[in-house]
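Hello,

Here is the structure we talked about, handed over for you to browse. My notes on what turned up follow below it.

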Protein chains: 4
Amino acid sequence: MARLRSPQKRQAILDAAALEIDATGLGASTARIAKRAAVAEGTLFTYFANKETLLNELYLDIKIELYRLLNSGPSANGTLKERTRHIWTTFLDWAIEFPEKRKVSLQLNMSDLITPETRERVASYSGTVAQTLTELGQQGASRGLPISFASSVLAAMQEVATDFIARQPADRQRLSDLAFEAFWKAVD
Amino acid sequence: MARLRSPQKRQAILDAAALEIDATGLGASTARIAKRAAVAEGTLFTYFANKETLLNELYLDIKIELYRLLNSGPSANGTLKERTRHIWTTFLDWAIEFPEKRKVSLQLNMSDLITPETRERVASYSGTVAQTLTELGQQGASRGLPISFASSVLAAMQEVATDFIARQPADRQRLSDLAFEAFWKAVD
Amino acid sequence: MARLRSPQKRQAILDAAALEIDATGLGASTARIAKRAAVAEGTLFTYFANKETLLNELYLDIKIELYRLLNSGPSANGTLKERTRHIWTTFLDWAIEFPEKRKVSLQLNMSDLITPETRERVASYSGTVAQTLTELGQQGASRGLPISFASSVLAAMQEVATDFIARQPADRQRLSDLAFEAFWKAVD
Amino acid sequence: MARLRSPQKRQAILDAAALEIDATGLGASTARIAKRAAVAEGTLFTYFANKETLLNELYLDIKIELYRLLNSGPSANGTLKERTRHIWTTFLDWAIEFPEKRKVSLQLNMSDLITPETRERVASYSGTVAQTLTELGQQGASRGLPISFASSVLAAMQEVATDFIARQPADRQRLSDLAFEAFWKAVD
DNA sequence: GATGAATGAGGTTTCATTCAT
DNA sequence: TATGAATGAAACCTCATTCAT
């Protein structure tokens, strides 16, 4: 048997890519990513066929991690508001802890690089969160609006809240609470 | 920089840049931008010192145009809700009419290319809109939140609404109305 | 007006390509070709869109020059044998004088790089030579063989003769004469 | 080099190399050759010290096989024409049956990769064919020409005939006969 | 001022070869 | 011996910018 492909090395490349893209944008060079991951330039391409694939895998990796967090905890139990609140809090915790992942995810999402196939793969990891978001879209206030409208508003307001908390970390709890209540009034 | 020969040529380059960036991202080459603007590659650099400057000027140009629209109409009169509604509608009209400008503005805003100076210059064009947004941030529901929170929520929900209208243009009026009311509940 | 693209520079690149390919094969790098032509690496690509195009243009360039030589002189006059003999001699002179062009032409012809379009363009330069070769293919000895058979034999024997003359340059005239007579017996 | 484990594996690599070079030229990568041979990338280098060695061995392998065929059959008996005709037919059969080997052999022969040592080793396998070719070169028509001239013409015309037969396989026998007679007139 | 050819650094990717397993 | 991950030089090509015309 030859050397095995190392999951750690793969992850190191993904992590390096996130940091590098955070620092310099989607134009971040594969050479710099490899260097930051402490592998040779060519090694990157034994783990990812090309840069586009690397970026898609990075997006998937980030989203899977986020969904795993969102789907943990007291999932199916609780009222809709409680479950939505859990999503809200979990997302904010993640976004504050890993600002580079959040930023990279947004940039990749906005770019034309993410393939429909990757989006499908991402969706397959949504788990019980999807059910909560669907319920959210069927509430009274969303009458006449597409089902996914409420979850889009949730995502948008999470981003807003994250931005403000990042600027005023000391007020984290209060900002999170107030922003969530504002959100809830919009969709309830 | 001396006074420039042809304002039309300058604007042609900015317009071409917006279209090209919309099509291929911030990595759009100056050569392609020049070609689309029907000027020589070198000419671009007589109007803009370098690519970064071009992108900053493009951002400024887009924002100025948007602010000009937002500040037109029955500005100071009317209730806060009416004035906010005017902003909402005007933005959506603009975003639907010029999707490439909206997209480019978002991409530039998220990138690290826009300098603090540019942001200041942008702010200097905000006009009476700023007053309305300030009032919005001082309303009851925003108690305890930063003043700019409400306007950030406004911007975020405008984006969400634009996305949904872009996908269902036939429902434009209804989606706009319902989304605005949802927004208003959040901040009122 | 800006600087004009220089035909000399273009030709310098083609010449450098021929020498470089002669020395190291079709894998000759564009960097080395550019260096030998005394232009920057990037300059090569302002004259030729890519390496494949460069090689096709090189093939065309070589063939055009050869056809120009073959079509000069007392073309339409003389017997078929005299005209064929003119082709024979002219080719040998060229092949001995420019061995690298001959070799590169053979290598390119054998590779899969030359497009049908290039071959058509080459054919359009064949001029009166084509008429002579056609007549050659219609002679008695070629009965039952494709028309182009005789000209293929001519080309093949020219190559053989060139090889021997290259190894025994002192016997040039005699080898050429004897080889031509051998050829003529084959097709007459 | 010690005795090699598996002659089959060695031959599989050589066969794969021929096919791969036929498909993509001398630039064919060792990785693809190994893959086609169903061995690991590194294994290729346990059988051949490096790529250049592999190509030399491939050339030798092809030539040995061809000489083995040419030297089979009613070798020493028969007239010179009959023996030459045997070479002619045998070569054509081989070239039509293994077009990729013929093409690769030509490409390698023209490249600068084949060492003098390899050419010597090839020559050592020529067997009784060498005698026939020598006799051919001593015939009347070749007076004044190098001894090897006739055999070079033979090889050249075999190539021409092969090309035409490849394009008109239905006329194989007739084309072969006529072309051989044309050849014979040249050297007899 | 306008042009676009010229530049060479830097981008992505391939590749022959090595070497840990 | 066999494997295939690891390597980094080198390949082709793009690009922002300069500058001769």
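This is a predicted model: local features need pLDDT of at least 70, side-chain atom pairs count only at pLDDT 80 or more; totals for chains, interfaces and linings use all residues.

**The loop alanines**

Chain A has its own example. A:Ala38 is not a glycine either, yet it has a positive phi of about 60 degrees. A:Ala38 sits in the loop between helix H2 (30–36) and helix H3 (41–47) of chain A, and with a relative accessible area of 68% it is exposed.

**How the copies are arranged**

Chain A can be superposed on chain B by a rotation of 179 degrees with 0.0 Å of shift along the axis, and the RMSD is 0.2 Å. The two copies are therefore related as by a two-fold rotation axis. If you want a landmark for that axis in chain A, go to A:Ala186: its C-alpha is the nearest one, 2.2 Å from the axis. As for the interface, 100% of the interface residues of chain A are also interface residues in chain B, so these copies meet through the same surface.

Chains C and D can be described in a similar manner. Here a rotation of 179 degrees with a shift of 0.1 Å along its axis places chain C on chain D, with an RMSD of 0.2 Å. In chain C, the residue that comes closest to the rotation axis is C:Ala186, whose C-alpha is at 2.2 Å. Since 100% of the interface residues of chain C are interface residues in chain D as well, these copies too meet through the same surface.

**Aromatic pairs**

Over all chains, the structure holds 28 aromatic pairs. One of them is B:Phe180 with B:Trp184, a stacked pair with 6.0 Å from centre to centre and 25 degrees between the planes. Both residues lie in helix H10 (residues 172–187) of chain B, four residues apart, or about one turn of the helix. B:Phe180 and B:Trp184 are both buried.

A pair in chain D is built from parts of the chain that are distant from each other: D:Trp88 comes from helix H5 (residues 80–97) and D:Phe183 from helix H10 (residues 172–187), 95 residues apart. The ring centres of D:Trp88 and D:Phe183 are 6.0 Å apart and the planes are at 20 degrees, so this pair is stacked. D:Trp88 counts as buried because its relative accessibility is 0%, and D:Phe183 is likewise buried at 0%.

In chain A, one aromatic cluster is formed by A:Trp88, A:Phe180, A:Phe183 and A:Trp184.

**Lysines over rings**

B:Lys101 lies over the face of B:Phe98, 4.3 Å from the ring centre. In chain D, the charged end of D:Lys101 is placed over the ring of D:Phe98, at 4.3 Å from its centre.

**One side of a helix**

Next, helix H8 (residues 128–137) of chain C. C:Val129, C:Thr132, C:Leu136 and C:Gly137 are buried there. Around the axis they cover an arc of only 140 degrees, which puts them on the same side of H8(C). Among what covers the buried residues of H8(C) are helix H4 (51–70), helix H5 (80–97), helix H9 (149–167) and helix H10 (172–187) of chain C.

**A buried threonine**

Is B:Thr118 buried or exposed? Its relative accessible area is 4%, and under 20% means buried, so B:Thr118 is buried. The side chain of B:Thr118 makes a polar contact of 3.0 Å with the side chain of B:Thr115. Leaving aside residues up to four places away in sequence, B:Thr118 touches B:Asn56 and B:Tyr59.

Conventions. Residues are numbered from 1 along each chain as its sequence is written. Chains are lettered from A and ligands numbered from 1 in the order in which they are written. Side-chain values use heavy atoms; hydrogens and water are left out. Buried means under 20% relative accessible area, exposed over 50%, partly exposed in between (1.4 Å probe, protein chains only). A polar contact is a pair of N or O atoms within 3.5 Å; within protein, one must be able to donate a hydrogen and the other to accept it, and residues adjacent in sequence count only if both atoms are side-chain atoms. Contact means heavy atoms within 4.5 Å. Rings of Phe, Tyr and Trp (its six-membered ring) pair if their centres lie within 6.5 Å; planes under 30 degrees apart count as stacked, over 60 as edge-to-face and the rest as tilted. Helices (H or I, at least four residues) and strands (E, at least two) are DSSP runs, numbered from the N terminus. A charge sits over a ring if NZ of Lys or CZ of Arg is within 6 Å of the ring centre and within 35 degrees of the ring normal. Copies are superposed by least squares on the C-alpha atoms of residues with pLDDT of at least 70 in both. The arc is that of the directions from the helix axis to the C-beta atoms.
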